[in-house]
Amino acid sequence: MNDALWLLLKLRLKAWGRRLVRNASTVKGAIMTAVFALLMCFWGFSLIAGQALDPKKSATADPVAVQRFGAPGLAMFCIMIVLTSGARPPVLFTPAEIQFLFCGPFSRRQLLTYKLLTQFLMTLPFSMFMAIVFRGVAGSYLSAAFGALLIFSFLQLFGIAVNFTASYFSALAYNRFRKVALFAILAVAAVGGAILVQRYAAGGDLLQMLKDVESNTVVYNVLTPLRWYSQVVTAKSIAQFSLPALGALGINVFLLFYVYVLDAKFLETVSTASEKVYAKIERMRRSGGSPFQSHSQSRVIRRQVPSFPFWGGVGPIFWRQFVTAQRTQKAFLMMVVVMGIGAIGPTIAMLTKQNESAGMPWGIAGMMLMMSLFVHQFLAFDFRADVDRIEVLKTLPLPAWRIVLGQLLAPTVFASLVQLVLVSVVYAVLGKIGLLVAIVALCALPFNLLLVGIDNLMFLLLPTRMVATTPGDFSHAGRQMVVFFGRMLALFLAMLLPGIFGGITYAVTRNPYVAGVVGWLLLVLVSFAPVPFVSWAFRRFDVARDTPP
Amino acid sequence: MSAIIVEDFHKTYDSTVAVAGLSFEMAPGTILGLVGPNGAGKTTTMRALAGILAPTRGRLIVDGHDLATESIQAKAALAYIPDDPRLFDQLTIWEHLRFVASAYRMQDWQPYAEELIKTFELTDKRDSTCSDLSRGMRQKVAICCAYLHHPKVMMFDEPLTGLDPYAIRAIKESIRKRAAEGAAIMISSHLLSLIEDLCTAILILNKGEKVLHATMEELRRQAEIDGRHESLEDLFFRLTKQPEATTSEGA
């Protein structure tokens, strides 16, 4: 590789370390880093202690099963890479790299080597971390680390090889091929799925059926090269390690050689795609980390949301955030569907297999409300997305508390809407527990307002971009942990009041409805409690000093 | 020998034609103003000459080297400063210069680098990371990096954006000096006063096509012959005039 590229790599590594030290050198940064280090030490110690005390118990999976199903899993990743290869560039270059390297006196192969080396260096610490995760199934830490490194390198090289191969065909031909491949895979998956469901319904063992598929001679032989990777991870001796490691390394070297021989003309495609990706990341950073607000497509808006009443100034603020949220409705719907499939699907499946118990509606309602902890992270239509617009908000001729209330309403309403939709789906499928809809409808709004308020308070006190700018930024990770614990603590304290008074009312009256009403009224009262604190935090936010870089 | 030769350059994206059949040459020492309305193909032309975009058709020759076959030699002779310079955020100004010196295999570059950062008033920020710099300062760093390796061809895309009057004067003077030393300099800008003040030649593009390529001297002479007292701004509007828009409301 070119000497200048080595120098750049060295300088960037040095700069990365400098940035970490700088982030940790402020009082807040030092506290956050310490929190992160403490928790990581605690986690690491519990892992080591668990492993030392009872190695078998701490295992997460059977090593034989890992060897067996690792290869099909890796094959699935490869298929996904082939199917999605047109949607993303084979390698990503930062805008600065494009400016300095693409116009600089470097060959394509030199740039590719630089990028591959950068990716490899980033894979190293990740592999070492994953080796800890693999501890339960690994033969040793070394075999797990080496195996993880081989697997991640393989996936990266495979992705580049597929993309470079595709660039040899016309985009049209390649996309046609991908469509045909996608339909073929879907057809096979549908047939396979139907057979599995049919056998499962007839009382078959799902695991045994998967084992049968994997043991099929053709499938077994085709997957043999991929099996080497999982064998490296689970190897317990040098003899078990050597051959699969050589085989897996050989595949990686072959892919590397193949990529270099192709010498695809990637510069233009990669620069265009990388610029789009980084522009999207930049928009995400500005919009509080919400992927929904990172879309760049300009469009003509035909249906305008009518203005809300003034409501002392709350209305226009709420309207602006509401319109932004409403414009991301496609992504919003997708989230509802994904959450529906991910959370509600298994719940419905589980409940239909069991007899309905008396506590079930309360259980599901509780689960729905707990979902608030995660839902509004994606719906940051508040101060978190306005980090670059706080100075505009401060210039508005309105008291701080009204601005705050307007800011908090949009994520509250939308998060509640998601929960209501999901719980209605449960009700529509199960039919018998309509009480759920009522509970969630009544509690979701105050519960979400409380959580959104706490999150915004934490954000204004510890402002940061939701997307970390420096990989491995320990102070950012520490901050996220502090925010999470702060949120849980505040939530606990806030729920304590309605719980205690609801309980006392029930003890006195023996009437659950009266107790429920008292608890709910207190919940509504408590949900507004963060507003004055957020207003105070908003007033003290110094745009020049507190706006994160 | 021409510093830049563009022959029948075409660039298309699917059905969109960004540049169509552009041909021109630039002699060493020329300061060429590249002007045109938004979407005229100015940045595409510059990015293609910088080796970032591949031409759909045509030849691009920089300092005698064809970008398609001798890209490294061509790139070694040029510098491109985009309209929004992107730097390595965590690297200091000095480290940027160090990298550029290494990339272009320069020896004893430090005194000249010091001189550059002094000229552009960056001495105090020499060891600051670029994430802390203002837009104007980032622009200055990009210009210092571009100047460091004494390129024979320089391309500036909106070079004065975000700069203070001192920096504007420093850049204008440095551009004139470099051109006098034999560098071919291309400047893309919407500031017609800048073009009029600085450039020795002008190339006007409109919708991806060349509508005028002449030296400023030729333009003045032609205006005298035609008896027209036309400013560059008038000329620009005359050549790139859009057809009258008719709207349904107005109809």
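One definition to begin with: two residues are in contact when heavy atoms of theirs lie within 4.5 Å. Among contacts in chain A between residues at least 6 apart in sequence, 79% join residues at least 24 apart.

Now the ground rules. This is a predicted model, in which local features need pLDDT of at least 70 and side-chain atom pairs count only at pLDDT 80 or more, while totals for chains, interfaces and linings use all residues. Residues are numbered from 1 along each chain as its sequence is written, chains are lettered from A and ligands numbered from 1 in the order in which they are written, and side-chain values use heavy atoms, with hydrogens and water left out.

Chain A, then. Its secondary structure is 22 helices and zero strands; here helices are DSSP runs of H or I with at least four residues, strands are runs of E with at least two, and both are numbered from the N terminus. Of the 549 residues in chain A, 42% are buried. Buried means under 20% relative accessible area, exposed means over 50%, and partly exposed is in between, using a 1.4 Å probe and protein chains only.

Take helix α6 of chain A, residues 141–166. It has 26 residues and reaches 37 Å from first C-alpha to last, close to the 38 Å expected at 1.5 Å a residue. That expected span is 1.5 Å times one less than the number of residues. α6(A) is mostly covered, with 21 of its 26 residues buried.

Helix α4 of chain A, residues 95–102, is largely enclosed by the rest of the structure, because eight of its eight residues are buried. Among them are P95(A), E97(A) and F102(A).

Is K75(B) buried or exposed? At 2% relative accessibility, it counts as buried. K75(B) sits in helix α2 of chain B, residues 71–76. Leaving aside neighbours within four places in sequence, its contacts include F102(A), C103(A) and L267(A), along with A50(B) and Y104(B).

Next, helix pairs in chain B. Two packed helices are described by the angle between their axes and the distance between the axes. Axes are lines fitted to C-alpha atoms, for helices over the stretch in contact, and angles run from 0 to 180 degrees between N-to-C directions.

The axes of α3(B), residues 93–103, and α4(B), residues 110–119, come within 11 Å and cross at roughly 135°. The two are therefore oblique to each other. For the cut-offs, under 35 degrees is roughly parallel, over 145 roughly antiparallel, 65 to 115 roughly perpendicular, and the rest oblique. I93(B), W94(B) and L97(B) in α3(B) meet Q110(B), A113(B), E114(B) and I117(B) in α4(B).

The second pair is α5(B), residues 135–148, and α6(B), residues 165–180, which pack at about 15° with axes 12 Å apart. α5(B) and α6(B) are therefore roughly parallel to each other. On the α5(B) side the contact is made by K140(B), I143(B) and Y147(B), and residues on the α6(B) side include I171(B) and R178(B).

Last, two loop residues. W311(A) is in the loop between α11 and α12 of chain A, and its phi is near 45°, positive in a residue other than glycine. At 48% relative accessibility it counts as partly exposed. D63(B) lies between β4 and β5 of chain B, also in a loop. Its phi is about 50°, again positive, and it is not a glycine. At 16% relative accessibility, D63(B) counts as buried.
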